[in-house]
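Have a look at the structure first.

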Amino acid sequence: GRLEAVTQQMGYHPQYLDSFLKTQHYLMHMDGPLPFDCRHYIAIMAAARHQCRYLVNLHVLQFLRAGGDPQWLRGLEFIPPKLRNLNEINKILAHRPWLITKEHIEKLLKISEWSWSLAELVHAVVLLAHCHALASFVFGCGCEQDEGLGGRGSLKPLSLGNQCFCEATAGNSYSQELLRINRKRSLDSCMELDSLRERMQRIHVETEGRDEMRLLQQDREEGEGQGAEVGVQGGSSYGTPGLLSPLADTDGVVTGATNLACYMQDPDFGYQDFARRDEDQTQVFRVQDYSWEDHGFSLVNRLYSDIGHLLDEKFRMVDGLQSSAMAKRQGCEPSVFKRGIWNYIHCMFGIRYDDYDYAEVNQLLERMLKVYIKTVTCYPEKTNSEMFDRFWKQFKHSEKVHVNLLILEARMQAELLYALQAITQYMI
């Protein structure tokens, strides 16, 4: 009866959890420019850039529940060109957002059969940034590793029959509601598992030869007495290369995914240290010239109603979280300590504040903390349990979660600033 991993970790800071769930729910389930199945597929594409199986598995299930075409789960070659065209901006935003230009925006918005509208593109950009940043949190807090694999969080992944953070219903107190769920399974969950199983097996029927189908039948018969697992077993697919299927045990718990390479192109494209460039190359992004408060908020809120208010609330909420214990250990004020972390993260993406003395970063953040923050921010898939355990051994788990929330929000805002600036330049 435990809550799934992300909710359990964010639950150390209930006020933030409420704000996060409202934003998540609005992005995925409320009225907006994009169809519901496309929203979850975009989330799959974003999570795959960081090899985040936890989020990919979760959104595969949500994609199917929203009526998505199972064939799309075979990879980018099987989705509409309009969605596939989003791959380039997804790749750049995930790893080197400073490379986003108005030409990338113009290419997506150009008049054609597969063109995006400005509102659709803003929705997609917010989804991409949200899921990239959430992947950092998932890896940073150990949600990616399940307890059966010795994960440090000892947390079970999402159960098919239970509500997850991705489908929280509207209400005044999300975290309190989530604390009351996940107590027992119903017949509905068994029926839904059967339905998902049938839809995923239909893909195999259409794509596999006789030999593969014979093996599939044998495996299915052998597994009927052990819980009738869905799609794959032991982390491998039944035949189709790159096909990602949810894997459920006897309780309907999602536990694995196959190779995620089918959801991305140019897998070797990754983060590179940002450095000052020549005049004809990428310049440092100065917040004094384009900021969230003065520019990004109004643009995103105009093109995607109310999301600006939700994002702004979330940014302010993480800034307002109590961190007196962390700051006291570092010998500074809480606001000074949090700003040091926030500005260090933005600095790694080429975003600079003219009114900040960056020498403070080295004074406030010890080396192991800086290594941890950079890894979780820039290449979260390389995060391991040793890194989590070694930084700030004297700090409480809730304080380490707080650091990961700062990483999540600072990274998301950095990606949004670059994307929204490019959209603004296109519109001028």
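## Cysteines

There are zero disulfides in this structure, a disulfide being a pair of cysteine sulfur atoms within 2.5 Å. Take Cys141: the closest cysteine sulfur belongs to Cys143, and at 5.6 Å that's too far for a bond. Cys141 is also buried, with a relative accessible area of 1%. (Buried means under 20% relative accessible area, exposed over 50%, and partly exposed in between, using a 1.4 Å probe and protein chains only.) Cys378 counts as buried too, at 2% relative accessibility.

## What kind of model this is

This is a predicted model, so local features need pLDDT of at least 70 and side-chain atom pairs count only at pLDDT 80 or more, while totals for chains, interfaces and linings use all residues. Residues are numbered from 1 along each chain as its sequence is written, and side-chain values use heavy atoms, with hydrogens and water left out.

## The nonpolar core

The largest nonpolar core has 119 residues, and Met10, Tyr41, Leu86, Ile373 and Leu416 touch the most other members. Such a core is a set of buried Ala, Val, Leu, Ile, Met, Phe, Trp, Tyr and Cys residues joined through side-chain atoms within 4.5 Å. The biggest giver is helix 19 (residues 397-427), with 16 residues. Helices here are DSSP runs of H or I with at least four residues, and strands are E runs of at least two, numbered from the N terminus.

What does Ile373 touch, not counting residues up to four places away in sequence? The list runs Ile341, Tyr344, Ile345, Met348, Leu365, Val403 and Ile407. Contact means heavy atoms within 4.5 Å.

Lys314 sits in helix 13 (residues 307-320). Is Lys314 buried or exposed? It's buried, with a relative accessible area of 0%. Setting aside neighbours within four places in sequence, Lys314 is in contact with Tyr16, Ser19, Phe20, Thr23, Leu408, Glu409 and Met412.

Phe315 lies in helix 13 as well, and counts as buried at 5% relative accessibility. Beyond its neighbours within four places in sequence, Phe315 contacts Trp292, Trp342, Glu409, Gln413 and Leu416. Phe315 and Phe20 are 295 residues apart in sequence, yet 9.8 Å apart in space, C-alpha to C-alpha.

## Asn87

Over in helix 6 (residues 87-95) you'll find Asn87. Asn87 is buried, with a relative accessible area of 3%. Leaving out neighbours within four places in sequence, its contacts are Met45, Leu76, Met264 and Gln265.
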